[in-house]
Amino acid sequence: MASTMHLALVLALFTGQAISVNNGLARTPQMGWNNWNALGCDVSESLLLDTSKKLVDSGLRDVGYNYVVLDDCWSDGRDEDGFLKDDLEKFPSGMAAVADEIHRQGLLFGMYSSAGEMTCARYEGSLDWEDNDAKSFANWGVDYLKYDNCYHMGRFGTPKISFDRYKVMWDAINGTGRPMLYSLCNWGEDYTHTWGMSIANSWRMSGDIYDSFTRPDDLCSCTDPSNPLCVAPGSHSWRMNDLDMLEVGNGGMTDEEYKAHFSMWAALKSPLLMGNDLRTLSASALTILNNPAVIAVSQDPEGRSVARVRREVNAAKDKYGVGEIQVWSGSLYGGDQVVILLNAAGEDAHISASLEEIFLHDGPEGSAPQVNGDWEVYDLWANRMDNKLAQKILDAPVDKLERLFKEANWYNSTEVSYKDGLKRSDPRLLGKNVDKISAGGSFSAKVKRHSAEMYRLRSVGNGGKRKVHAKEEL
Ligand code: GLA
């Protein structure tokens, strides 16, 4: 048993080294906005342009959200030469002009199609039209393609068949000479996590997200392939498993549930694509989405996903029958470690985590060298921006924004990248020092029901010397 376990760990770490495609894009998880979760097919030129402006004025662009992604329902058939037509009622200036305007705002433009006969909303798909469609995207100035899985004409069923179908578009994009982030959306089917990284920048792991903390979904990734409901077994992996667009701000969850959702997406290195209607952005959603200490975990230069180190399924169940407590942990730049205490149970709980558990993936049964060090614990949500200040920013006229961003001590990642900020130990990226763990010890915190606490551990042992990376430039 012990050796099987050990082998599994070694394999997990080994697959964790997979190198994703090198088109220079999404070296850290992409960030941005996508209309689908909040607005579905209700897309238009004004939606994209108003949203772009809001991204800038709310400071969200500068904190890192730089892709504006238009999802399904934008096209109007094909012309006689077989090229996709943009719907000129929805986009009267045409897609190229929309892209230009988005670029003028210092943002990048994403579009959507499907590796199928039709898109999921039954618009024209790109299967067998890949070269034409990639050319259109390139001509319009597109920087990102989300590529879906509907109406695939039966071309699925093994990893090879799906891989081949998705590779055609990857080759077509490369053939245009325009760099485009390639975001697969095949819901984890045919074990995408084993091949997605060789032809794409990110790959969806599961069926569509739902704005609810407790709704079970058979298409969620799972770890037990012998369970017939486990359609898409997930894996311990590197970047960028796409857990789908965020639901923060869409109203179906409490503030604590949204914080937990955002914390997990950041720590699992999922792309962070906001899925709310930014035109009606609330202060509480803004102060979740703009937390630089949490985003710094997402954008960490090591790019490693957290892994679950504990799962207690017998915790107090809530009225939906959910009762899980989980501890997640993962390594960060400079020898830091992120730890999430997730309480998905029906009652508040004290959750503790020992250094032995936290560093399980660096060595089993307490053998990891980090277990012998002392650590400082930084709470990554403690410095969440005050909602009143966020509201002031949302209400302010454009000429007052600069002063307010200063007052808010806003993290501007277009000036100092997260990597450089981490190198300089920028306090905005570190959160608040709340606790200390001595060698061999543990720490604990009260975690409200349906919420998560998120911490960065920093070594203070070994005379204050922190781990130095053999390869400084990641
Ligand atoms: C699928 C995708 C969603 C969205 C819709 C659009 O369901 O998984 O993210 O793109 O199609 O129709």
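Colleague: Which residues surround the ligand?

Modeller: This is a predicted model, where local features need pLDDT of at least 70, side-chain atom pairs count only at pLDDT 80 or more, and totals for chains, interfaces and linings use all residues. Residues are numbered from 1 along each chain as its sequence is written, and side-chain values use heavy atoms, with hydrogens and water left out. A residue is near a molecule if one of its heavy atoms lies within 4 Å of it. Here the ligand is surrounded by Trp36, Asp71, Asp72, Tyr112, Cys120, Ala121, Lys146, Asp148, Cys185, Trp187, Arg204 and Asp208.

Colleague: Which polar side-chain atom lies 2.8 Å from an oxygen atom of the ligand?

Modeller: A polar contact is a pair of N or O atoms within 3.5 Å. One belongs to Lys146, with a polar side-chain atom 2.8 Å from a ligand oxygen atom. For an N or O atom in the side chain of Asp208, the distance to an oxygen atom of the ligand is 2.5 Å.

Colleague: Is Ser162 buried or exposed?

Modeller: Buried means under 20% relative accessible area, exposed over 50%, and partly exposed in between (1.4 Å probe, protein chains only). Ser162 has 0% relative accessibility and therefore counts as buried. Ser162 is in helix 7 (residues 159-176); helices are DSSP runs of H or I, at least four residues, numbered from the N terminus.

Colleague: Which residues of helix 5 are buried?

Modeller: An α-helix has 3.6 residues a turn, so residues three or four places apart point the same way. In helix 5 (residues 95-104), the buried ones are Met95, Val98, Ala99 and Ile102.

Conventions: Polar contact = N/O pair within 3.5 Å; in protein donor to acceptor, adjacent residues only side chain to side chain. Helix = DSSP H or I, 4+ residues; strand = E, 2+ residues; numbered from the N terminus.
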